[in-house]
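Please keep the structure open while you read.

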Amino acid sequence: MSNWVPSPQRGIGLLALLGASSVLVVLGGGTGVVFGLAALGAWVVAPPVFAFVFAQSGLAAVTSPPILLPVAFAEVGLLAMLVTDPESHVSVRDAAIVVVGVGTLTGLVWSLQPTPLWLAAVLVLLGISGFVYGVHRFELLATGQLTEQ
Amino acid sequence: MEPTRRLWGVGVLAIGGAILGVLFSSPLYLGIPLGIGAWILAHQIAFTRALSRLTDTPPVTQSLSRETILVGDTTLLTIQVTTGTDSLLDLEPTLTVQPSPALEVDGPRQHELTAEKQTLTVPLRVQVAGDYTVRPPQLQLTGRGGLFRESLDIGNACAVTGEPRVPRDTHIGTGGESIAVAYGEHGASYGGTGFDPGELREYLPGDPANRIDWKATARTGEPHVREFDPETTRQTQLLVDRRQSMRMGRAGETKQDYGREIAAWITEYVATLDDPLGLTFVSDEQITTVATPQASTAHYQRVRREILDLGAPAAQQSTADSNRDRPTRQSGGRPRLTLNLEDGLAEDDPFSRTLRPYVRDAAKRHRVADKPLLRAVQTLEAGHAETAWLVIVTDDAQRGELLETARLAATRDRFVTFFVLPSVLFEPPGAEISAAYDAYQDFESFRQQLATTTNVTAFEVGPRDRLGKLLESTHTRRAEQ
């Protein structure tokens, strides 16, 4: 229950999640209700990323094949929920960097169509891992832990 | 930057989402690893920026109360933590002290930081002499969200020097007053203090006043002056006490350590005069004549080396030596052939150095039942009666024996100088100061009594700081009364 810290950020995050959950309910019926409630429950007791996982899983489950506008609306809501996480203390600039980077990766993978889905999954995981490793190396440099040999 | 278990858990979720996407052939499931990846990246970038700010403006400084300490002593390492714009506490900081491995930390090395401003004090003890560095403290930090952890050395390094415990600032004097002699760095161009014995004669008009020997004058009632004939070769014998009582004191600052300093100084002084010098060690059970009086550079070096090697406990040495023991000899016996062979190995060449330990063991050792110092002087009388100056380095543990020795050794043609190390100056710190001063007064009375013997001079030797504290504490107490 430690996430129940009242703040405007948390309020925006909750609204965003409710918006995404409403898409689940409208498109998925009972299945959507289950995933929506799971996402809300995870948002209460765990970091928002877990709520995102439940909501995204629900979207994938109830919209197959995906319907563009509702899915886009829900994805924006989920993104807003992640960004407004008060625990992250991410600046606007850093959030923009992340969005641009991940968006670029998504576009790259999408542009490789027709591609087997498993290859796309591997590319996504490799891409994310590469970004994380790159930030790790930058951290070593920024904190002076890299010395000339 | 290290991943935490939470990061691994979230990573597994991302992989699971990708697998689900492949299993159900739904590209929307790939949104899970993308979303999780974005979330992880956001936290990672924010953590990196916080670490970079900490590195640029370290919130930690450390300093030492003393940068030079003696081995076994303690210095205090003070660490001050002051957070700046970013609240350090949001990063769950844990601070670890990082002294050199040779420094002993009296207390915990890890400290949880719980306040915006905090001061930590950590005692450090030097165990081995040398130069050491106390590295900047290490801060273990955890990013918000608990995904990443980092350990950084933040702050300044400090340097501490451990100096060995050796006799420092040795005091030589009488009644708490240092004598005006050159000891240590100065040349031995001094005189007039009674330390440099010479011929005593009555004062004649025209004699310089600074040559008057006031002690002899007071004793005889008539002014006397002491003359020194630099042309005279004066055979000198050095007797160094190494009995059990000489090992009193802290390691590196025992009576024996100070005695060794004095004996080495005497050796240097006699070497400047080019006088024959002999060396005898007196231990609890035996007398060892290490060197018979000779005057050569190699001989002086050898005597000095023997004195500086004076470190192994006499008990251990006597145990080892007993394995090669010879039949006991009474003091005053005729020297055997091996003694002459030892004399022939006085040169400082590889041949002599190699053979000398085997020959030395042969005949120079005399077992004595009691009063070894007195027996040593008796042996001297028998073997080297022409000794003009006898220097005895000892302590005040056997005062009766010293008085007897003084009366026996000092003759019309021989001067005796005692360097006596008072036990009171080598007692452990913390002893009752009034009792210590009484003991020192008692010693001073004894020293004066020793010095009343004709042709005998007696000096006190010990750590100057200890004597100074003793006298200062007593003066303070008397002023208060």
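This is a predicted model: local features need pLDDT of at least 70, side-chain atom pairs count only at pLDDT 80 or more; totals for chains, interfaces and linings use all residues.

With contact taken as heavy atoms within 4.5 Å, the table gives what each chain brings.

| Chain | Residues in the contact |
|---|---|
| chain B | 41 residues |
| chain A | 43 residues |

What about charges? The rule finds one salt bridge across the interface of chain B and chain A, a salt bridge being a side-chain nitrogen of Lys or Arg within 4 Å of a carboxyl oxygen of Asp or Glu. B:Arg49 pairs with A:Asp94 in a salt bridge, with the closest N and O atoms 2.8 Å apart.

Helix H1 (5-24), helix H2 (31-56) and strand S10 (148-153) of chain B each supply at least two residues of the side that touches chain A; helices (H or I, at least four residues) and strands (E, at least two) are DSSP runs, numbered from the N terminus. H2(B) gives the most to that side, with 21 residues.

## Inside the cores

A nonpolar core is a set of buried Ala, Val, Leu, Ile, Met, Phe, Trp, Tyr and Cys residues joined through side-chain atoms within 4.5 Å, where buried means under 20% relative accessible area (1.4 Å probe, protein chains only). The largest one has 80 residues, and A:Met81, B:Ile40 and B:Leu95 have the most contacts inside it. H2(B) provides the largest share of this core, 13 residues. Beyond its neighbours within four places in sequence, A:Met81 is in contact with residues including A:Trp43, A:Pro48 and A:Phe52. Another core lies apart, with 63 residues, among them B:Ile307, B:Val416, B:Leu450 and B:Val456.

## Chain B as a whole

Chain B has 12 helices and 24 strands, and buried residues make up 50% of its 481 residues. Of the contacts in chain B with a separation of 6 or more, 73% are between residues 24 or more positions apart.

## Conventions

Residues are numbered from 1 along each chain as its sequence is written, chains are lettered from A and ligands numbered from 1 in the order in which they are written. Local features need pLDDT of at least 70 and side-chain atom pairs count only at pLDDT 80 or more, while totals for chains, interfaces and linings use all residues; side-chain values use heavy atoms, leaving out hydrogens and water.
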